[in-house]
Amino acid sequence: MNRTPNFTGWHAVILHREDANTERLTRQLGLLGIKATRQWEPLASWDGADIVLVDADQGWDDLLPGEGDAPYRPLVALLGSEAPGRIAWAMKQGASAIIPKPVAASAVYPALVMAVSIHEERKAVAERLQYLEERVRMRPLVHAAVEKLMAARGLDEERAYAILRDCAMQRRLSMEQVAAIFLGGAEPLPEVG
C-alpha cells in the first residue's frame, strides 16, 4: 500500500467483552471516522465489517469465520498478555497488527494502518500465487503445442517454441492461452507458415 488509508465511513467490529479498553478503543475509532460495534460472540460473517479487532487474550478458534484461512478483512489483535500461546493464536487467526492493552489512543491509528497495509499485501500475494499456480497447471499445454508444431511443420523445438511465444506476444495472451487455442483447433496460428 502506497498511501495512508482514510478510515472515514468504515465499520469496525470489536470482538471483546465490554470494559475500559473497548470504551477507549470505540472513542478513538470514532475520532477517526470509524463506526464501531462491539460483541462478544462469534462473528458470523466478514460481511458488514471493514476491519475487525479481536481480543487475543480470551479469543477462541471459532470466534472468527472460516477455517484457518486468511481473514477476508484486516484483523487487529488486542493483546495484554505476553503468553506465547496467545500471540500464536493471534497469528494463526491472521492478525496483521497488535494494539497492546491497556489501549492507548496513540496506538490505534498506526495499528489500523499497518493492518490494512499488510492485509492488502497478503491479498496481492495470494492472487499472484493463484495466477502462477494456474500457469504451472497449464504448462503441459505449451509442451503439447510445441510438439504439435514440431510434428506438423518439421521444426526443431526451439523454433516451435519461438513461434508460439511470438504469437502469444502479438495477441497479448499468455503462452498457455495460445497453446490451448492452437491445440483446441479454434485457430491454426497464422504465424506458422
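Which residue in S3 is the bridge partner of Leu 15? Select Leu 15 and look across to S3: the partner is Val 54.

Before going on, note that this is a predicted model, in which local features need pLDDT of at least 70, side-chain atom pairs count only at pLDDT 80 or more, and totals for chains, interfaces and linings use all residues. Residues are numbered from 1 along each chain as its sequence is written, and side-chain values use heavy atoms, with hydrogens and water left out.

**Stop 1: the sheet**

Select the strands. Strands (E, at least two residues) and helices (H or I, at least four) are DSSP runs, numbered from the N terminus. There are 5 strands in an open sheet, ordered S2-S1-S3-S4-S5, with parallel pairing. Two strands pair if DSSP finds at least two bridges between them. Go to the edges: S2 (35-39) and S5 (97-100) each have a single partner strand, so one side of each is left without a neighbour in the sheet. From one strand to the next, the twist averages 25°. Axes here are lines fitted to C-alpha atoms, for helices over the stretch in contact, and angles run from 0 to 180 degrees between N-to-C directions.

**Stop 2: strand S1**

Select residues 11-15, strand S1. Toward S3 (residues 51-55), S1 has 4 bridges, and the two strands run parallel. One of the pairs to display is Ile 14 with Leu 53 in S3. Toward S2, S1 has 5 bridges, again in a parallel run. There, His 11 stands opposite Lys 35.

Now show the side chains. His 11, Val 13 and Leu 15 point one way from S1, while Ala 12 and Ile 14 point the other way. S1 is mostly covered, with 5 of its 5 residues buried. Buried means under 20% relative accessible area, exposed over 50%, and partly exposed in between (1.4 Å probe, protein chains only).

**Stop 3: helix H1**

Select residues 20-31, helix H1. H1 packs on the sheet and touches S1, S2, S3, S4 (75-79) and S5. Contact means heavy atoms within 4.5 Å. The direction of H1 makes about 175° with that of S1.

**Stop 4: helix H3**

Select residues 105-153, helix H3. H3 lies across S3, S4 and S5, running at about 165° to S5. Then display H1 and H3 together. They pack at an angle of about 60°, with their axes 10 Å apart. The two helices are therefore oblique to each other. (Angles under 35 degrees count as roughly parallel, over 145 as roughly antiparallel, 65 to 115 as roughly perpendicular and the rest as oblique.) For the contact, show Leu 25, Gln 28 and Leu 29 in H1, which meet Ala 105, Val 108 and Leu 112 in H3.

Further along H3, pick Lys 123. Lys 123 is partly exposed, with a relative accessible area of 44%. Draw a C-alpha to C-alpha distance to Ser 45: it reads 18 Å, across 78 residues of sequence.

**Stop 5: two backbone details**

Zoom to the loop between S5 and H3, where Pro 102 is found. The peptide bond from Lys 101 to Pro 102 is cis, with omega near 0°.

Last, go to the loop between H4 (157-171) and H5 (175-184) and select Arg 172. Its phi is near 55°, a positive value in a residue other than glycine. Arg 172 is exposed, at 78% relative accessible area.
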